[in-house]
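Here is a short briefing on one protein chain. Please keep the structure open while reading.

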Amino acid sequence: MNVIWLDSVDSTNSEALRRLPELPSGTVLAAREQTAGRGQRGNAWFSQPGKNLTFSIVLKYGEGGLAPLAASKAMWLNYLISVAVVHFLQSNAIWCKVKWPNDVYVGQKKICGILIENTLAGDQLAASVIGVGININQREFPQLANATSLWSLTGKTHSLEECLDQVLGFFEERIECLYNPVEQRGLFSTYSTHLFNADTQAHYHDLLTDREYIGIIQGVAPDGRLCIRDLEAPGKPLRYYRFKEISYIL
């Protein structure tokens, strides 16, 4: 992959989308400072300048890029980058979990956020911009009550360049999982094994019905929906949620 380091940018995802026509597949935009980082649900992503990894991977499909990929397979990008981050943290002796769909937590504290934005050509993916923010050397989080960093967990300062190389290495190692059903099973198994709150009673807010309840995450359905057993409803039914339909009460 070709990494381009930027001294300062509003958001690596925004910059990648602006420059999408000119950027070859496999380009990575990494920023030493993000002034308006974006996260899931329209949230801002706060990152102290020069302390953390903030980068976006550009993938294109078809001529000059990866093999064509159906839009219905986009969830595999989520599994792929989430597992790459998990492997990176594990290589640094950090045990972590993926809070569905793709935040990464250590205990009850967030260490990584991921934002994937796709462009379509009919029922096929035309391009994907995979934005990743990993807290590396930041020591204090005045705007984030439940955040942590690699430094906070290890007491060591880490090279951002080396950390990025490691994450991209894990990502590239498994990129064939996007197309190979056998490898997909292994990737999905790893993702599922590291699912935050799996098999544990916890509180959730059903955004479809505006109802809070205690449930147990049972896993992720083949179509990417989160499966939770509702412990407070008669018969304890399974409920399935797409992104922005359920929130965790931490």
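The model is predicted. Helix α2 packs against α5, and its axis also comes within 8 Å of that of helix α4. Eight aromatic pairs are counted.

**Helix α2 against α5**

- Two packed helices are described by the angle between their axes and the distance between the axes.
- For α2 and α5 the angle is about 60 degrees, and the axes are 9 Å apart.
- That angle makes α2 oblique to α5.
- The crossing of α2 past α5 is left-handed.
- On the α2 side, the contact residues are Trp 76, Asn 78, Tyr 79, Leu 80, Ser 82, Val 83 and His 87.
- They meet Gln 184, Leu 187, Phe 188, Thr 190 and Tyr 191 in α5.

**Helix α2 against α4**

- Helix α4 spans residues 160-173.
- The axes of α2 and α4 cross at roughly 130 degrees and come within 8 Å.
- The two helices are therefore oblique to each other.
- Here α2 passes α4 in a right-handed crossing.
- α2 contributes Leu 80, Ile 81, Ala 84, His 87, Phe 88 and Ser 91.
- α4 answers with Cys 163, Gln 166, Val 167, Phe 170 and Phe 171.

**Aromatic rings**

- The count of aromatic pairs is eight.
- One of them joins Trp 76 and Phe 188, with ring centres 6.3 Å apart.
- Their planes stand at 65 degrees, over the 60 degree cut-off, so the pair is edge-to-face.
- This pair links distant parts of the chain, its members being 112 residues apart.
- Trp 76 belongs to helix α2 (residues 75-91) and Phe 188 to helix α5 (residues 181-193).
- Trp 76 has a relative accessible area of 9%, so this residue is buried.
- Phe 188 is partly exposed, at 23% relative accessibility.
- Elsewhere, ring pairs join Tyr 105, Phe 196, Tyr 204, Tyr 213 and Tyr 248 into a cluster.
- A charged residue also meets a ring: Arg 32 lies over the face of Trp 5, at 4.3 Å from the ring centre.

**Tyr 105 in strand β7**

- Tyr 105, a member of the ring cluster, is found in strand β7 (residues 103-106).
- Its relative accessible area is 4%, so Tyr 105 is buried.
- Beyond four places in sequence, Tyr 105 touches residues including Cys 96, Lys 97, Lys 99, Lys 110 and Ile 111.
- Asn 146, Phe 196 and Leu 250 are also among the residues that Tyr 105 touches.
- Glu 212 is 107 residues from Tyr 105 along the chain, and their C-alpha atoms are separated by 22 Å.

- Val 132 is found in strand β9 (residues 124-134).
- Val 132 is buried, at a relative accessible area of 3%.
- Val 132 and Ile 57 are 75 residues apart in sequence, with 8.3 Å between their C-alpha atoms.
- Ile 114 counts as buried, at 2% relative accessibility.
- From Ile 114 to Arg 18 the C-alpha distance is 19 Å, and the two are 96 residues apart in sequence.

Conventions:
Residues are numbered from 1 along each chain as its sequence is written. This is a predicted model: local features need pLDDT of at least 70, side-chain atom pairs count only at pLDDT 80 or more; totals for chains, interfaces and linings use all residues. Side-chain values use heavy atoms; hydrogens and water are left out. Rings of Phe, Tyr and Trp (its six-membered ring) pair if their centres lie within 6.5 Å; planes under 30 degrees apart count as stacked, over 60 as edge-to-face and the rest as tilted. Helices (H or I, at least four residues) and strands (E, at least two) are DSSP runs, numbered from the N terminus. Buried means under 20% relative accessible area, exposed over 50%, partly exposed in between (1.4 Å probe, protein chains only). A charge sits over a ring if NZ of Lys or CZ of Arg is within 6 Å of the ring centre and within 35 degrees of the ring normal. Axes are lines fitted to C-alpha atoms, for helices over the stretch in contact, and angles run from 0 to 180 degrees between N-to-C directions. Angles under 35 degrees count as roughly parallel, over 145 as roughly antiparallel, 65 to 115 as roughly perpendicular and the rest as oblique. A crossing is left-handed if the near helix is turned anticlockwise from the far one by less than a right angle, and right-handed if clockwise. Contact means heavy atoms within 4.5 Å.
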